[in-house]
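Hi,

Here is the structure I promised to pass on. Have a look at it first, and then read my notes below.

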Amino acid sequence: AWLTEATKRYEAMRSTRSLDHDDPGVPWRWASNVGIPLEAITGEALVPRLDASTVDAEPIFRVELTPDDPAVYQQLGLTKSDLEERLNRGYQHLLPRKVKLRRTRKETYLNLMIDGDAVEMPEYVVEMTQLARTAAILVNEDGTPALDEQGRPQTVDPNLPSESLPTNPTTGRPYAKRLVQSKAIVPSYHGPKVRSWRIAECIWPANAPTADPNELDFFGLQMWKTPSWFKTREGDPIKGGLRNVEELLRRYRHGVPSDWDTAAERALTRGISFPEQLGKILVWLVFLKFDVDDDGIDEELVAWIAPKERLLLGWRLTPFTRRPLFHFQLFWVPGRFTGRGLPHIGKGIRDITDFQANSVNNRTNLYLDPPIMYEIDSGFDPDTMEFGTGALWGPLSSGAIAAGKVRALELPQIQEAIAQRIMDFYFSLFQRWSGITDI
């Protein structure tokens, strides 16, 4: 619930007193309800600084080879420094353009600003590209394809006019043309990718005392995948595949079978609310410690679980020496797994500045059109002399309106000045503790 509120505070569409409605309802209907985006102003200034020290640095990271195997360099005909320089240039090209690390890292930084936490996980992916081509085949009068000598449909240029189509030698009538599409799926990229996760998409033990995912009994990432995603990954879990895919799709469409919907089974997910996405299945990728062979030593496992359908899709001993997870925090809190973001740390300051801004707006709305003061002998007649666009007073005789005897009430600006000084003070305070002092 707090992360949802933090996101709304960062977007700053409304004031903190009514984040979900344009009209706060108090002190009157449609009173001022504007929010001052302190978190966004500060966060958007912090992100370029973080980019400059990481993904915009050149190189992003530097490769240093160990000097204990000179035969490798000799075989390539390069010195150690030359090979390192080539690898640096290669990664400098690969990470921003193929891995798209800059885009991922910006998402991570924005998650840090809002949530206080962000998790990255590298993975090996194979990206496919669909190539579609439109062709035309010749068809007979009965709609059947016209075949060539090899028994294959005869093709023509899709843009060929109808009057230019060849003639059926059997009937003497011209063929008709039918447009068809063919497709090919080709790999466009295979290699490493990095994905950023919001902390709300992660699963960890309650009251975890550390921010390091490797020290936890388990750590999971939840994601939503289409049914076709599971179909293309059916196979042996030891080789990275998934099992029970057909049963998963059956339970996704029709629910858990009554034979398996026992009290013990329902207890596994009791009290858990599963988020949903239209047309997609919720699945957990979990890294956990568990003694699978009863030798008294916990093994490190990685497992795929469909929690709503209550199915284990596969598990294997992890191939990694450490969990491939990187947990970033903006403001670290000792003894807790989660950190603190800008909306959390700056909650009090943002509440004060929003209150001051809306108070000034409401006071201006009340007194924007001050009352008109006029003396008895001023010549001003409020019954006939109205204000507004296109209003006309006259014709009047010379000197009908006495100078200086009709004027607007001038209101003191003391409260606005005080509110401005208060807001300036809290603006500077917010930016100083966040390290931004140049905006």
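Asn 207 sits in the loop between S4 and S5; helices (H or I, at least four residues) and strands (E, at least two) are DSSP runs, numbered from the N terminus. Before you go on, keep in mind that this is a predicted model, where local features need pLDDT of at least 70, side-chain atom pairs count only at pLDDT 80 or more, and totals for chains, interfaces and linings use all residues. Also, residues are numbered from 1 along each chain as its sequence is written, and side-chain values use heavy atoms, with hydrogens and water left out.

Asn 207 is not a glycine, yet its phi is positive, at about 60°. Asn 207 counts as exposed because its relative accessibility is 76%; buried means under 20% relative accessible area, exposed over 50%, and partly exposed in between (1.4 Å probe, protein chains only). Asn 244 is another non-glycine residue with a positive phi, near 60°. You'll find Asn 244 in the loop between helix H6 (227-231) and helix H7 (245-254), and it counts as partly exposed because its relative accessibility is 35%.

While you're looking at the backbone, check Val 26 and Pro 27: a cis peptide bond joins them, with omega at about -5°. Pro 27 is in the loop between helix H1 (2-11) and helix H2 (38-53).

Now the strands. S4 and S5 belong to an open sheet of 5 strands, in the order S4-S5-S6-S7-S8, with antiparallel pairing. Its edge strands, S4 (202-203) and S8, each pair on one side only. (Two strands pair if DSSP finds at least two bridges between them.) Between S7 and S8 there are 6 bridges, in the antiparallel sense, and Ala 303 is opposite Trp 315 in S8.

Which strands does S1 (residues 117-139) run antiparallel to? One is strand S3 (residues 176-197), joined to S1 by 21 bridges. Another is strand S9 (residues 326-329), with 4 bridges to S1, and strand S2 (residues 155-156) has 2. Take Val 119 as an example: it stands opposite Trp 197 in S3 and also opposite His 327 in S9. Ala 136, in turn, faces Val 156 in S2.

S1 turns up again in the largest pocket, giving the most to the lining with 7 residues. A pocket, on a 1 Å grid over the protein atoms alone, is an open set of points with protein on both sides within 12 Å along at least five of seven lines, and lining residues have an atom within 4 Å of a point. The volume of the largest pocket is about 1200 Å³, which is the space filled by probe spheres set on the points, with grid points joined across faces, edges and corners. Its lining has 35 residues, and Met 121, Glu 123, Tyr 124, Val 125 and Trp 304 lie nearest the centre. Among the elements that each supply at least two lining residues are helix H5 (101-115), S3 and strand S6 (281-290).

Last stop: Ile 401, in the loop between strand S10 (372-374) and strand S11 (406-408). Ile 401 counts as partly exposed because its relative accessibility is 33%.

Happy exploring!

Technical notes
1 Å grid on protein atoms, 1.4 Å probe; cavity = no way out; pocket = protein on both sides within 12 Å on 5 of 7 lines; lining within 4 Å.
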